[in-house]
Amino acid sequence: MQGLSGNEFIVILTGAGLSAESGLGTFRDKDGLWTRYDLEEVATPEGFARNPALVHEFYNARRANARAAQPNAGHQALARLQRDWPGDVLIVTQNVDGLHEAAGAQGLIHMHGILDGALCAACGHRWTAPAVMAPQDPCPACAAPATRPDIVWFGEMPYQMEEIWFALRQCDLFVAIGTSGTVYPAAAFAQDAGRAGAHCIEINAEPSAVTQDFDEVILGPASQTVPDWVASLLAQVTRKADR
Ligand code: BJW
């Protein structure tokens, strides 16, 4: 994208592909989580009601993997963009792993929740998840044995949607990174931002299910494409400032 002033408002949506090279599995790729687990059983409120122990086991294992993982060059480049871009950069992530924060990013929206969070299904209280959670764990606020992972499952409303839609209407540049474009409402964000006038860029290993909604598509592994894209964006405004 040419002719940037540096004051543009950038909204970045990230998905599982960004964390793939940190060793965390994606959902829908070959060997992805949904090829090994039935999403109806582990990622729906109905599945949790049927078998909370199974769901806690699934998320306890994912929490352990996420806590052991390190951010990769893609996460680091986005944190650098937030630090060095003169305008605002909002990162909206579907990822629940916390690797953006580990790389130094700030002010994120975790639209699908966070593995490090626990939520009381009875009173809505939230607290930091222990390493291992179990169905009968009492809520620290109301003592109900209704502890669940603070994760947005299918059929539940993702977090901070009004804030996200507002940002999509205001932004100049929308960039989706490492997401298959198959899960709504995130899959519609390029359409939402594009209709409001934003330039939309997709950065992914392969064209997503909604690739037609983007003005530009950059294909390749996020640990390389994201640092390259961030460097080229920052170089444009640095060159301008030098003139
Ligand atoms: C790389 C790479 C590398 C790999 N470098 N790239 C019918 C039509 C439309 C909608 C619906 C429908 N029926 C039901 C719905 C709604 C439903 C939905 O979308 N279902 C679809 C399956 C059809 N959505 C919901 O229920 C959501 N809530 C909702 O809609 O509320 C009502 C509402 C109404 C109106 C407005 C707003 C809301 C909630 C969705 C919750 C999703 N939850 C999950 C699991 C919880 C989190 C967790 O356990 O971790 O979130 S599902 C899972 O998918 C997870 C992810 O965040 C999400 C998206 O996946 P993501 O990140 O895109 O990963 P992958 O694996 O799909 O793709 C990875 C990509 O990376 C691939 O393209 C690779 O090529 C690429 N890649 N390596 C770069 N190194």
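## Exercises on an aromatic cluster and its surroundings

In this predicted model, ring pairs join F27, W34, Y37, F48, F58, Y59 and W153 into a cluster.

**Exercise 1.** Determine how many aromatic pairs the whole structure holds, and classify the pair formed by F48 and W153.

*Solution.* Step 1: a search of the whole structure returns seven aromatic pairs. Step 2: for F48 and W153, the distance from centre to centre is 5.2 Å and the angle between the planes is 40°. Step 3: planes under 30 degrees apart would count as stacked and those over 60 as edge-to-face; the pair of F48 and W153 is therefore tilted. Step 4: F48 belongs to helix α4, whereas W153 sits in the loop between β6 and α8 (161-170), so this pair ties together parts that are 105 residues apart in sequence.

**Exercise 2.** Decide whether F48 and W153 are buried or exposed, then characterise the pair of Y59 and W153.

*Solution.* Step 1: the cut-off for a buried residue is under 20% relative accessible area. Step 2: F48 has a relative accessible area of 14% and is therefore buried. Step 3: W153, at 2%, is likewise buried. Step 4: the ring centres of Y59 and W153 are 6.3 Å apart and their planes meet at 45°, so this pair is tilted. Step 5: Y59 lies in helix α5 and W153 in the loop between β6 and α8, so the pair links distant parts of the chain, 94 residues apart. Step 6: Y59 is itself buried, with a relative accessible area of 3%.

**Exercise 3.** Locate S223 and identify which residues S223 touches.

*Solution.* Step 1: S223 is part of helix α10, residues 222-242. Step 2: leaving aside residues up to four places away in sequence, S223 touches E21, N72, A73 and G74. Step 3: the side chains of S223 and E21 are joined by a polar contact of 2.5 Å.

Definitions and conventions
Residues are numbered from 1 along each chain as its sequence is written. This is a predicted model: local features need pLDDT of at least 70, side-chain atom pairs count only at pLDDT 80 or more; totals for chains, interfaces and linings use all residues. Side-chain values use heavy atoms; hydrogens and water are left out. Rings of Phe, Tyr and Trp (its six-membered ring) pair if their centres lie within 6.5 Å; planes under 30 degrees apart count as stacked, over 60 as edge-to-face and the rest as tilted. Helices (H or I, at least four residues) and strands (E, at least two) are DSSP runs, numbered from the N terminus. Buried means under 20% relative accessible area, exposed over 50%, partly exposed in between (1.4 Å probe, protein chains only). A polar contact is a pair of N or O atoms within 3.5 Å; within protein, one must be able to donate a hydrogen and the other to accept it, and residues adjacent in sequence count only if both atoms are side-chain atoms. Contact means heavy atoms within 4.5 Å.
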